[in-house]
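I opened my notebook today to look around a protein model, one topic at a time. Come along and check each entry against the picture.

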Amino acid sequence: MHQTSPTEARPTTARPRVTVIVGGVAGGMSAATRLRRLDEHRVIVVVERSGAVSFANCGLPYHVSGVIADRDDLALQTPEKLAARFRIDARVRHEAIAVDRAAKTVDVRDLESGRVESIAYDELVLATGAAPRRPADVEHGAPLHVLRTLDDLDEIMAGLASLGDAPAVVVGGGYIGIELADNLVRRGVATTLVQRGGQVLGGLDPEMAAPVADHLAGRGIELELGRDVRRVARDHVELDDGTRLPAGVVFAAMGVTPESGLAADAGLAIGPTGGIVVDDAHRTSDPSIFAVGDVTELRDAIDGSSRLAPLAGLANRHGRAVADVIAGVGRPTAPALGTAIVDAAGLTVASTGWSERRAAERGRAVRVVHSHPASHAGYYPGAAPMSLKLVVDAESDRILGAQAVGTDGVDKRIDVLATAIATGMRAADLADLELAYAPQFGHAKDPINQLGYIAGNLASGEDRVIQWHELEAELADGAVLLDVRAESQLSEGRIPGATWIPVESLRDRHPEFAGRRVVVHCRVGQGAHTAARLLDRLGHDVVNLDGGFLTWRDGMRARELAAAAASRLDDGDLAA
Ligand code: FAD
């Protein structure tokens, strides 16, 4: 083994500091370029196992369909350009294989020559990312792919070129699985998406995810919910119930695992999530070694617990931040909300912070608000429906999380809500946000303001709501369910057991349900709010069904999907 210092050849008396960065993409390359901007004299070495640095991993699925037509548009930098512009020594097809913390060296293997070199460092930054999970049982020669690097993409494109009419199977209904399935279908490849459990996008609450599954199916993606993969063979995928799905190509998009083996072998602290433990300056348990990106365990913005959040924004920003720390100008990094967005075959799905499910798991009492606004003023052409959900701490009224699904305007709403959470805003204060308005962009009372009004009414006790999943218990306890929608809206469907009394007739007919608790619902919750106020003034014990008929319908659909998935699981157990 050859031992060198990258500074050996420099004829200087004061040895410049050497920073070695392992992993040359989002986190690693952000760190490298920022560090150079802060320090012209430092030696910066970037070691990258794959054949490219600084490529656009988030854009990779879109070359599959040709939406991003030129593969080279995804290669944002080359080692040559990095050397010329930043004087960064970027070594592709080089793998860091061991760290000697006492000697402060990292052993790097040139994957083409096999030669191993030991590089001395002053600071080491681990930005090794996260590795895609794969099915356990894969037949030798099976056409199984993962999508993480440009090398992976090149292999996939070669496989697709010879696919003919054979179908594809994507295993995993998270963000990357959905993007892959969508782009395969756009390419004309018949595609089945296999997903454990009863919903896609497991981070969402079920009533928000159910319309996404139906939308994907409507766009030609065959869904196998509630199924797991038993075996990937050369020409098919075998599911846990014995079903065989023919497949000329198979993608594992089953989530990722922090690639923390190098750190663990070096004796660095690894957290229970499998990520490297870092402080808010990205320092590991060794003060000379830092870590950023998907390989790290982050602090959750809501409760400070340890979590993973494999997202490009965090990796890029933390890469920049660690350079600041190394250069001596750092400040503590903010904890992670996990704000994410995906184009699910034309439907935008976004979330930030905690879901209602996560809050329940953590034992946090919450208030929940659903709304179904139009993306912009209904009278201006092109307004599109969306569903919003807000999860709010019941005691403090602080916003804990939000979810949004729709075709237009979802991205800006989720970003406003992520900003609101990050600043510790109370939900009721959303009402006061002054947001840009013209009819083609929003509403004079933006959907964000409307969430604030609803949340304020709940916080003050002016309004009381129940959730879609609480309705059956209310009715079993003897409550009466009133449907106050306009007659023209009834064709969308009815909630079983509801009595239809439009708001305008309530003053005359309210004695019909005297002495009984009333659950009132309209289409989205607003008309029911008016009805509930009226009934309250007339002396009734009344609650509003949050999100109205639309949220209830999505909730019922979620139940149907979950039940179908569960029954398939039972069948699978029998078949197995
Ligand atoms: P990576 O970008 O994965 O880089 C780590 C690099 O380290 C890898 O290239 C690897 O080859 C290298 N490496 C690992 N070990 C070694 C070693 N021992 N020696 C040398 N090199 C090593 N996030 C979003 O927020 N939005 C999106 O739309 C989105 N879309 C995505 C689509 C796809 C297909 C993928 C794969 C990811 C997507 N992500 C998205 C996630 C995002 O890309 C990651 O969160 C981000 O790239 C993490 O950056 P990182 O630097 O931690 O790791």
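How many nonpolar, polar and charged residues are in the lining of the largest cavity? I counted by class and got 5 nonpolar, 3 polar and 1 charged. I also noted for myself that this is a predicted model.

**Entry: the cavity**

I searched the whole structure for cavities of 30 Å³ or more, and the search gave 1. The space in the largest cavity comes to about 30 Å³. Next I listed who lines the largest cavity: Gly293, Asp294, Thr296, Leu298, Ala309, Leu311, Leu314, Ala315 and His318. I then asked which elements each supply at least two residues of that lining, and I found β21 (296–299) and α8 (312–326). The largest share, 3 residues, comes from α8.

**Entry: the domains**

I looked up how the protein is divided. Domain 1 covers 2–7 + 14–131 + 257–327, domain 2 covers 144–254, domain 3 covers 346–460 and domain 4 covers 468–545.

A reminder to myself: the size of an interface is often given as the accessible area that is lost when the parts come together. For domain 1 and domain 3, the buried area is about 440 Å², and carbon and sulfur atoms give 53% of it. Which three residues supply more than any other three of the area that domain 1 buries against domain 3? I found Ile302, Asp303 and Arg307, which supply 83% of it.

**Entry: the salt bridges**

Another reminder: side chains of opposite charge can pair when their charged atoms come close. I counted 2 salt bridges between domain 1 and domain 3. I also wrote down the salt bridge in which the side chains of Asp303 and Arg362 meet, at 3.0 Å from N to O.

Over the whole structure, my search turned up 47 salt bridges. One of them joins Glu112 and Arg93, with their closest N and O atoms 3.5 Å apart. This pair links distant parts of the chain, 19 residues apart. I found Glu112 in the loop between β6 (105–110) and β7 (116–120), and Arg93 in the loop between β4 (89–92) and β5 (94–100).

How values were computed:
Residues are numbered from 1 along each chain as its sequence is written. This is a predicted model: local features need pLDDT of at least 70, side-chain atom pairs count only at pLDDT 80 or more; totals for chains, interfaces and linings use all residues. Side-chain values use heavy atoms; hydrogens and water are left out. On a 1 Å grid over the protein atoms alone, a cavity is a set of points where a 1.4 Å probe fits but cannot get out, and a pocket is an open set with protein on both sides within 12 Å along at least five of seven lines; lining residues have an atom within 4 Å of a point. Grid points are joined across faces, edges and corners, and a volume is the space filled by probe spheres set on the points. Helices (H or I, at least four residues) and strands (E, at least two) are DSSP runs, numbered from the N terminus. Ala, Val, Leu, Ile, Met, Phe, Trp, Tyr, Cys and Pro count as nonpolar, Asp, Glu, Lys and Arg as charged, and the others, Gly among them, as polar. Domain bounds come from an automatic or database domain assignment. Buried area is the accessible area (1.4 Å probe) that two parts lose on being put together, summed over both. A salt bridge is a side-chain nitrogen of Lys or Arg within 4 Å of a carboxyl oxygen of Asp or Glu.
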